[in-house]
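Colleague: I have a model open on my screen and would like to learn how to read it. Could you take me through it feature by feature?

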4 protein chains.
Amino acid sequence: MMSTTDVAPRRLRADAARNRQALIDAAQRLFTTRGLSVTLDDIAAEAGVNVATAYRNFANKRELLQAFLQQISDDAIRIAEEAAAHDDPWQGLTDFFARTLRLMAENRGMHDVVTASYTADWMQHLEDHVNPALQTLLTRARKAGLVRPGLAPADLGVVLQMLATVTDIETPDTAGLVRRYLTLVLDGLRLADKKLPGTPPSSTAVHTAVAQS
Amino acid sequence: MMSTTDVAPRRLRADAARNRQALIDAAQRLFTTRGLSVTLDDIAAEAGVNVATAYRNFANKRELLQAFLQQISDDAIRIAEEAAAHDDPWQGLTDFFARTLRLMAENRGMHDVVTASYTADWMQHLEDHVNPALQTLLTRARKAGLVRPGLAPADLGVVLQMLATVTDIETPDTAGLVRRYLTLVLDGLRLADKKLPGTPPSSTAVHTAVAQS
Amino acid sequence: MMSTTDVAPRRLRADAARNRQALIDAAQRLFTTRGLSVTLDDIAAEAGVNVATAYRNFANKRELLQAFLQQISDDAIRIAEEAAAHDDPWQGLTDFFARTLRLMAENRGMHDVVTASYTADWMQHLEDHVNPALQTLLTRARKAGLVRPGLAPADLGVVLQMLATVTDIETPDTAGLVRRYLTLVLDGLRLADKKLPGTPPSSTAVHTAVAQS
Amino acid sequence: MMSTTDVAPRRLRADAARNRQALIDAAQRLFTTRGLSVTLDDIAAEAGVNVATAYRNFANKRELLQAFLQQISDDAIRIAEEAAAHDDPWQGLTDFFARTLRLMAENRGMHDVVTASYTADWMQHLEDHVNPALQTLLTRARKAGLVRPGLAPADLGVVLQMLATVTDIETPDTAGLVRRYLTLVLDGLRLADKKLPGTPPSSTAVHTAVAQS
DNA sequence: TATGAATGAGAGTTCATTCAT
DNA sequence: AATGAATGAACTCTCATTCAT
């Protein structure tokens, strides 16, 4: 499975891959703790390499951000698929919320990263992969009479976004706070005989409010 | 008792006030559509004046932002107080949410503006004025058996923040979308006999992730 | 002695003259305490008028500085002439130094004001008026065998400049310090039989080191 | 034990060092001919590099100024120490003055640079290193009956400062002019039996009159 | 005439990105 | 491939000077 072009530079590639990952990790740490305005110099320093090395791996700051978002996608998609496969659909639903929110809480401040204008594509990608799993989940829960009628995957996305704001609130017990409002919303979701007014959005993509750089 | 010399300077002030207001309006437009990173040059241009004129009116970018936030405060406080004075407390509550959310929707993308570290004071000021009204409202609603036990003003703040994210979603019918999720949450709030787990946060101040400048 | 054109606006002119003088006084205070970089806004404020009023009286900052220097000239010239008229030439000489240095000490920091490039003209003007008096003084002192041979007015200017630096030294007793070094230099000057090497400069104009604005 | 990998970076450093030195030299030229208000843009241009390169080497304008002052310190300290070690103390004294004044003359206009408020530290450093040498010198000269009683190192500093003003005077023969007034002052200093009135200053730090930026 | 307001032209500083080694 | 160094284009803020009232 290894072509000849892979053989010679293998060592170097390993180094390069290590650098690449170090940069993504550093970006994760800094983007999410200090926002989009961190300098590439700082990210490179945090990763222990030179800025120019960052540019060898990523065409620009934006690409680095996207590589970092890619990782989040992978995790989020896995969570949705495991939730859809859960025996108990209600348990699947609560698991989905709980695990996704934990993922978001670990990336404190990600909210404004996600809000960056050029993450629209990423959001689309994420929805494309997560929504099928959520649709499965909702269909099963609805059949079991566990949720309100008319709910779509996009509704879950909205709810998730709403709850994500809770992880940004300064408190000694983020988990407890998330549980409080997750309960509130889940209680609203499980009124099996009351349809919600209106329709879900076609996508949860948000207006772009944070500037590029 | 009003001489012409009193009138004359008022004309000048009118011009200056017009510029000042133009700057605040421009700031509102740009801060909320393009985020905190807009340059003062851009804001001044949008207002049709020179940057230095902006600096004549506001010591720095931050002061301009705060002047803009001040206007929002005034509106928000009035809404809370009128809601508290409503005959029907449940109607007062729904009015409060609906009107505040409309205010937020008009200031699209304000979420990340509010998240800026130096708006902490502003948040405090806002809570100090709004919370008493909300406390009145909640007490009355609770006495009428209309809401879950144990709710505090801060809970309403959190709920509001959660719903505010909905106004950021790209959709042809923001109002309809807001109604959809407001219904969901209100349905969760009115389960008069189910206490929510945990406690409300001491303040809805959020972690600062967006950069200063 | 008052023409008709003087009659009508007399009151206004009095006001204007007052403003003009207030500006010069303010300039004196601020130029000499805070250096050339004070803003015209600050000078106007110190004078209790608006900047635009300053511009009605002086074409630009530079002209204001020159008006202020003019006042100094007047004082300095008077001191030199009185010294030249003194009965005892040595006493005249020491008086000249002592009084001029006091004038300089009162204008603390004037050194860099004087150093401004565009004060060359002013220096020339000053020398033109002071040097004749100093020449008289030196001739008389030399005849009385009180000073070294070959001294010129320009030498006294240099000595004055040298001693002026002493007034810039931070000390609780500026006067005492000035006396110390004035003694040192006067002792050097009165060695009646030792000629100094070289010749005096043609003018004590200094190289321009401080920038315009 | 020096591999080629050791050599390579030294070449780079050589370039950087060249730029750094070019910046210091440019700063020397411009600070001393045009004063503290020269822009970093101008200094960078004079050095043939971009402003940002200046900022790579010096955190800000002030640091560049200080780097330039550092060089002067080094020279001045060496001069004082060599003077103190001179066999003939009087010769040592005159050498000290002559050489230091030449150093100052090479840095034409440095006077107002030294006057900047933030060079206080530098002055302190300089005095700390130079004064011991001067004390030695004075003690030896006094024992040999060559100078007035009661002289302290600070007196020599003051005298130096006084004479430094001479180097600012526009003349075809700066050296001759310096010699003229140095003679005058030295003649004053060597009156072995006349004590000077007053006491030397505790430090020759000057009042700050020149603006910061 | 005197004023409040406005402005253009910088100055200091930062940063994403590129170059040379 | 990785680095140290360099740069151009901004950005915030200031100030001498002019305009409109």
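Colleague: What is the mean pLDDT of chain A?

Modeller: pLDDT is the predictor's confidence in each residue, from 0 to 100. For chain A the mean is 85, and 87% of the residues reach 70 or more.

Colleague: Where in chain A is confidence lowest, and where is it highest?

Modeller: Helices (H or I, at least four residues) and strands (E, at least two) are DSSP runs, numbered from the N terminus. In chain A, helix H1 (residues 4-7) has the lowest confidence, at a mean of 46, and helix H3 (residues 40-47) has the highest, at 96. Where pLDDT is low, the predicted coordinates should not be read in detail. Two residues are in contact if their C-beta atoms, placed from the backbone, lie within 7 Å. Over residues 1-10 of chain A, pLDDT stays under 50, and the model has 1 contact beyond four places in sequence for them.

Colleague: How many helices and strands does chain A have?

Modeller: Chain A has 10 helices and 0 strands. Of its contacts between residues at least 6 apart in sequence, 70% join residues at least 24 apart.

Colleague: What share of chain A is buried?

Modeller: A residue is buried if 20 or more other C-beta atoms lie within 10 Å of its own, exposed if 12 or fewer, and partly exposed in between, with C-beta atoms placed from the backbone. By that count, 39% of the 213 residues in chain A are buried.

Colleague: Which residues are closest to DNA strand E?

Modeller: A residue is near a strand if its C-beta atom, placed from the backbone, lies within 6 Å of it. DNA strand E is surrounded by 42 residues, the closest being A:Thr39, B:Ala16, B:Ala52, C:Ala52 and D:Thr39. Helix H1 (residues 4-34) of chain B gives the largest share of that surface, 5 residues.

Colleague: Which residues have the most contacts inside the largest nonpolar core?

Modeller: In soluble globular proteins, nonpolar side chains tend to be buried together. A nonpolar core is a set of buried Ala, Val, Leu, Ile, Met, Phe, Trp, Tyr and Cys residues joined through C-beta atoms within 7 Å. The largest one has 90 residues, and C:Ala27, C:Leu163, D:Leu163 and D:Tyr181 have the most contacts inside it. Its largest share, 9 residues, comes from helix H5 (residues 61-84) of chain C. Apart from it lies another core, of 89 residues, including A:Leu64 and B:Met162.

Colleague: What does D:Leu163 touch?

Modeller: Leaving out residues up to four places away in sequence, D:Leu163 touches C:Met162 as well as D:Phe97, D:Leu101, D:Val178, D:Tyr181, D:Leu182 and D:Val185. D:Leu163 is one of the buried residues of H8(D), a helix with 11 of its 12 residues buried.

Colleague: How far apart are the end C-alpha atoms of that helix H8 of chain D?

Modeller: The expected span of a helix is 1.5 Å times one less than its number of residues. For the 12 residues of helix H8 (residues 153-164) of chain D that gives 16 Å, and the end C-alpha atoms are 16 Å apart, which agrees. Helix H10 (residues 174-189) of chain A has 16 residues and should span 22 Å; its end C-alpha atoms are 22 Å apart, which agrees.

Colleague: What do the buried residues of H10(A) pack against?

Modeller: They pack against helix H6 (89-106) and helix H9 (153-166) of chain A, together with helix H8 (153-166) and helix H9 (174-189) of chain B. Among these buried residues are A:Tyr181 and A:Leu184.

Colleague: Why is B:Pro89 classed as buried?

Modeller: B:Pro89 is buried because 21 other C-beta atoms lie within 10 Å. B:Pro89 lies in helix H5 (residues 89-106) of chain B, and its C-alpha atom is separated by 7.8 Å from that of B:Leu138, 49 residues apart along the chain.

Colleague: Is C:Ala205 buried or partly exposed?

Modeller: C:Ala205 is partly exposed, with 19 other C-beta atoms within 10 Å. C:Ala205 sits in the segment after helix H10 (174-189) of chain C. Not counting residues up to four places away in sequence, C:Ala205 touches C:Ala120, C:Met123 and D:Glu170.

Methods: Residues are numbered from 1 along each chain as its sequence is written. Chains are lettered from A and ligands numbered from 1 in the order in which they are written. This is a predicted model: local features need pLDDT of at least 70, side-chain atom pairs count only at pLDDT 80 or more; totals for chains, interfaces and linings use all residues.
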